[in-house]
Amino acid sequence: MTAKNRIKNAFKNLKEYKLRSFLTLMSIAVGIATLISLVIISQSMERAVGERLGGTVDVIRVLPGHVVPGRDFVPYGSFTEESAKEVEKIRGVEATSTWMVEIAIAEYEGMSAPVEVMGGNPSEIEEFLGGSVELKEGRLIQEGANNEAILSTSTLEHINRWLNADLKVNDVLKINGVKITIVGVMAYDLAGVEVSHRLLMNKDIVKEITNSEDVMLMLVKVNNLNRVYEIKEEIEDTLDEVHGVSGLTTAVAAQSVVDQVGMVTLMIQAVVISIALIALIVGCLGIINVMLMSVLERTRQIGIMKAIGAKNKDILALFLVEASAISLIGGILGVLGGVAISMIANYVISRFIIVNMSLIIAPEVLFGGIVIAVITGIIGGLYPARRAAKMRPVEALRHE
C-alpha cells in the first residue's frame with residue numbers, strides 16, 4: 001500500500017466518525033494552545049522587562065521607607081544630599097543620583113488635579129534610568145531648562161482625563177502655578193518603575209514649586225555586579241546609621257527585579273505546563289480510545305486486507321497515519337488558538353502592566369507545538385496499531 005493510499009484511507013475513516021474524531025482533536029488543540037500561548041507570553045514579558053530596565057542592571061534604587069502589603073510604598077522619612085555623599089564612600093559605588101518626589105497640583109483651562117512630580121538632574125537621566133525613559137515622542141528635558149517635563153503614556157492619559165484635556169508634546173500646563181511645557185512622552189510604562197506614573201522634571205524647578213529639598217529616591221551605580229547584593233546591604237546599614245533610624249532604608253537592585261520577574265514567570269509556567277500536560281494526556285488517551293474503537297469496528301476489514309496480502313507493517317502504518325492525522329490537525333488548530341490567546345493576553349498586559357509590549361512569535365515555537373502534537377498522537381496510536389497489526393487473518397475474518 002502506498003503512502004498516498006494510507007493517507008487517503010486515514011482521512012476517509014476519520015470522516016466516518018466525525019464527532020469522535022473532532023472531540024479527540026480538540027483535546028489535543030487545547031493542550032497545544034495552552035503551551036504555545038504560555039511560551040509566547042513569557043518570552044515577550046521577559047524581553048519587555050529587559051528592555052525597560054536596559055542599561056540599569058548596575059543601578060540600585062534606594063528609598064526611605066518600605067513597601068507595606070495593602071498600602072504600596074510607605075515613606076518613613078527622607079534622605080539628604082549629604083546622605084548620598086556617605087553612600088559614595090562605600091567600596092564598589094561608582095556614582096549616585098538624588099531625586100525628589102513630591103505631590104503638586106496640575107492646572108489647565110480652569111481644571112486642576114493632583115500629580116506626582118519627580119525632580120532630578122537632567123544630565124543623569126539616561127545614565128541612571130536607562131531604557132525606562134526611552135521616548136516615543138519629543139525629547140528629554142534639557143539641563144538648565146527648568147520649565148520642562150516628560151511623562152509616561154499612562155500618566156498623560158490620566159492627566160488628560162482628570163483635566164478634561166487633550167494635552168500632548170509642546171503643550172503647556174501649570175504645576176503649582178508655574179508654566180511647564182511637556183517636551184516628551186515616554187515609550188514604556190512598567191509597573192514598579194518610579195518614572196512610570198510621575199512627571200519627570202528638573203530638580204531646581206521642583207524645589208522651587210514645592211519648597212522642599214527632601215531626597216525621596218537615590219539611584220546608586222555600582223562598578224562590580226558581582227557585589228551588587230553586598231553593596232545593597234551596606235547602603236541600607238550606612239543610611240540607617242547616618243539618619244539614626246533602624247529599618248529606614250530599602251535598597252532594591254535592578255537585577256533583583258529581573259530575577260523576581262523570572263521567578264514569577266517560572267512559577268506561572270510550571271502551573272500552566274502542568275495543566276497543558278494534563279490536556280495532552282487526556283488527548284493521548286482519547287486517541288487510544290478512538291483507535292481501539294476503530295480497530296474493533298474494522299476487524300473484518302483488517303482480516304480481508306491481510307488475506308489479500310497486506311503485511312503487518314501496512315496495518316500498523318494505516319492506524320498510525322490516522323492517529324497522526326488527528327494530532328496534526330489538532331496541533332495546527334492549537335497553534336492558531338495559542339497565537340490568538342497570546343494576542344488577547346497581550347492586549348490586557350499592555351493596557352494594565354507593560355504598555356506596548358511586543359509579542360515574540362518565533363516560528364520554531366509554532367513548529368515545536370505541531371511536533372509535540374504529532375508525537376502525542378503517535379504515542380497514543382501505537383498500542384491500537386500494534387494490536388491491529390498482530391491480528392491473525394482467520395480470527396479477524398470470523399469476527400462479527
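Which residue follows α9 with a positive phi? The close-ups below, taken from a predicted model, include the answer.

**View 1. Helix α9 and the glycine that comes after it.** Let's start with the helix itself, which covers residues 299-307. Its buried residues are Thr-299, Ile-302, Gly-303, Met-305 and Lys-306. Looking down the axis of α9, you will find these buried residues within an arc of 165 degrees, so they line one face of the helix. After α9 comes Gly-309, the residue asked about above, with a positive phi near 115 degrees.

**View 2. Thr-98, a buried residue of strand β4.** Here we turn to a strand that spans residues 93-108 and contains Thr-98. The relative accessible area of Thr-98 is 5%, which is under the 20% limit and therefore counts as buried. Two polar contacts of the Thr-98 side chain are worth a look: one goes to the side chain of Glu-81 at 3.1 Å, and another goes to the side chain of Lys-203 at 2.8 Å. Leaving aside residues up to four places away in sequence, Thr-98 also touches several others, among them Ala-84, Gly-119, Gly-120, Val-215 and Leu-217.

**View 3. Lys-232, a buried lysine without a salt bridge.** This lysine sits in helix α7, made up of residues 228-243. The nearest side chain of opposite charge belongs to Glu-236, 4.1 Å away.

Definitions and conventions: Residues are numbered from 1 along each chain as its sequence is written. This is a predicted model: local features need pLDDT of at least 70, side-chain atom pairs count only at pLDDT 80 or more; totals for chains, interfaces and linings use all residues. Side-chain values use heavy atoms; hydrogens and water are left out. Helices (H or I, at least four residues) and strands (E, at least two) are DSSP runs, numbered from the N terminus. Buried means under 20% relative accessible area, exposed over 50%, partly exposed in between (1.4 Å probe, protein chains only). Lys and Arg count as positive and Asp and Glu as negative; His and the chain ends are not counted. A salt bridge is a side-chain nitrogen of Lys or Arg within 4 Å of a carboxyl oxygen of Asp or Glu. The arc is that of the directions from the helix axis to the C-beta atoms. A polar contact is a pair of N or O atoms within 3.5 Å; within protein, one must be able to donate a hydrogen and the other to accept it, and residues adjacent in sequence count only if both atoms are side-chain atoms. Contact means heavy atoms within 4.5 Å.
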